[in-house]
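I set out to record what I looked up in this structure.

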Amino acid sequence: DDIAKRAAEAGQTANYRLPLAAAREAVEAYVAHLKGLLPAAQRPFRLGAELYEPKFGHDIQSARTGRETYELAQARREEVLTSMQTQAAALWPTVIGSEAPPADRFALIGRVIAKLSERHVARERFVDEIRAQIPQLEGWVRDHDLLSQDASKPLIVRETPEYERGVAGASIEAPGAYRPQDKTYYNVTPLDDLTPEQAESSLREYNHWILQILNIHEAIPGHYTQLVHANRVPSKVKALFGNGAMVEGWAVYGERMMIESGYGASPEMTLMWGKWHLRSVTNTVLDYSVHVLGMSEADATDLLVRQAFQTEREAKEALAVTDMGVNRSLEWFQNDLLKQWQSEYRKREEAVTNARSDLERCRMQSFGDRTPDCTDQKVALKKAQIRLEEAEEKIKPDDDGIETNLALAYVQANQ
């Protein structure tokens with residue numbers, strides 16, 4: 001509808017009518033296909049080994065199996081925790097004081113991290129601080145000759161556009177292989193819409209040290225730098241179909257490269273990088289444990305919060321990614337999707353009004369005995385009315401539309 005509106009404004013309605021009709025028909029056919037699948041959509045969300053292994057092979061393109069990668073992650077997790085325990089024990093007297101340290105390593109590491117996390121940027125300066133750190137990272141990479149950078153492809157830090165929020169707090173939006181000259185944006189979602197408690201949780205997670213590691217991972221020399229170089233690849237196939245494991249793997253490698261080069265060298269930074277790195281390792285363990293080993297939501301939360309030192313807020317987001325956030329998904333179905341359809345209803349109501357006006361204008365163009373048939377306008381009005389009726393069904397109080405069906409299927413599959 002937005003494209004049709006813009007085409008009309010540009011006087012290109014005739015050129016776009018058939019392509020838009022074909023596109024709309026394809027989308028509506030896909031929606032109908034999905035609705036047809038709903039009655040049988042009763043399988044559990046856990047993949048199981050039979051499905052997980054081939055999916056892992058297609059997604060990751062690794063010589064290792066999912067099971068082998070899980071076992072490797074478990075071994076790496078133990079290495080990281082052992083190192084963090086040593087670092088936390090050394091920091092304890094300075095950070096905590098004369099109190100005897102606990103024997104449990106998770107309690108020991110967690111107490112030190114919790115205390116250090118009190119140092120963070122002010123809520124209102126979150127985006128500004130990220131923007132200020134980018135030149136510092138560029139300077140470090142340049143001064144230590146870690147890799148080549150391209151000054152003609154500057155990174156622009158901006159607040160995440162409203163329509164892109166709700167997925168990631170920070171992300172890189174890079175141009176594709178066919179438009180490498182376009183700008184690269186570092187989207188950062190401000191904390192304006194959070195309660196004081198939620199904002200404090202996020203700020204403690206992205207504390208003084210972790211925020212720098214986040215910028216290394218997302219920006220320099222992480223995703224931003226890697227994607228600039230990826231656009232230089234002569235093969236358009238390689239540039240367009242990048243390997244996700246390579247993209248994320250480079251960002252994780254970039255973190256380690258910066259730390260080992262001496263960036264932010266301090267016991268606190270080393271401990272916090274261990275915490276950040278532990279998240280990547282733990283996510284590998286979590287994914288396999290949930291989908292193949294049947295890990296419960298309670299055990300998954302314990303793994304993330306107590307054993308990986310994440311805040312409750314971060315843990316909930318991680319669980320949502322593995323499809324364990326049933327309540328969160330239901331909330332979306334019941335609330336956000338309803339709001340989406342309410343907004344869609346208003347748009348379609350306006351479309352009916354516009355189509356009716358177009359038809360009236362066509363009929364007024366009669367000359368003498370000649371009356372235009374106005375076929376296109378009649379068809380457009382009919383389609384607009386059908387689409388309005390569909391939206392009206394979705395927002396009825398006793399709605400049995402797609403969002404209710406999806407929610408019921410989701411609950412039944414996870415009982």
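I began with Phe-241, which counts as exposed because its relative accessibility is 67%; exposed means over 50% relative accessible area, buried under 20%, and partly exposed in between (1.4 Å probe, protein chains only). The model is predicted: local features need pLDDT of at least 70, side-chain atom pairs count only at pLDDT 80 or more, and totals for chains, interfaces and linings use all residues. Residues are numbered from 1 along each chain as its sequence is written, and side-chain values use heavy atoms, with hydrogens and water left out.

I located Phe-241 in the loop between helix H10 (236-240) and helix H11 (244-260); helices are DSSP runs (H or I, at least four residues) numbered from the N terminus.

I next checked His-217, which lies in helix H8 (residues 210-218). His-217 counts as buried because its relative accessibility is 8%. I found a polar contact (N or O atoms within 3.5 Å, one able to donate a hydrogen and the other to accept it; residues adjacent in sequence count only if both atoms are side-chain atoms). This contact, of 3.3 Å, joins the side chains of His-217 and Glu-248.

Of its 52 residues, Phe-126 and Tyr-186 touch the most other members. Helix H4 (residues 66-95) gives the most to this core, with 7 residues. I also noted a second, separate core of 16 residues, among them Ala-73, Val-281, Tyr-288 and Ala-315.

Definitions and conventions: Helices (H or I, at least four residues) and strands (E, at least two) are DSSP runs, numbered from the N terminus. A nonpolar core is a set of buried Ala, Val, Leu, Ile, Met, Phe, Trp, Tyr and Cys residues joined through side-chain atoms within 4.5 Å.
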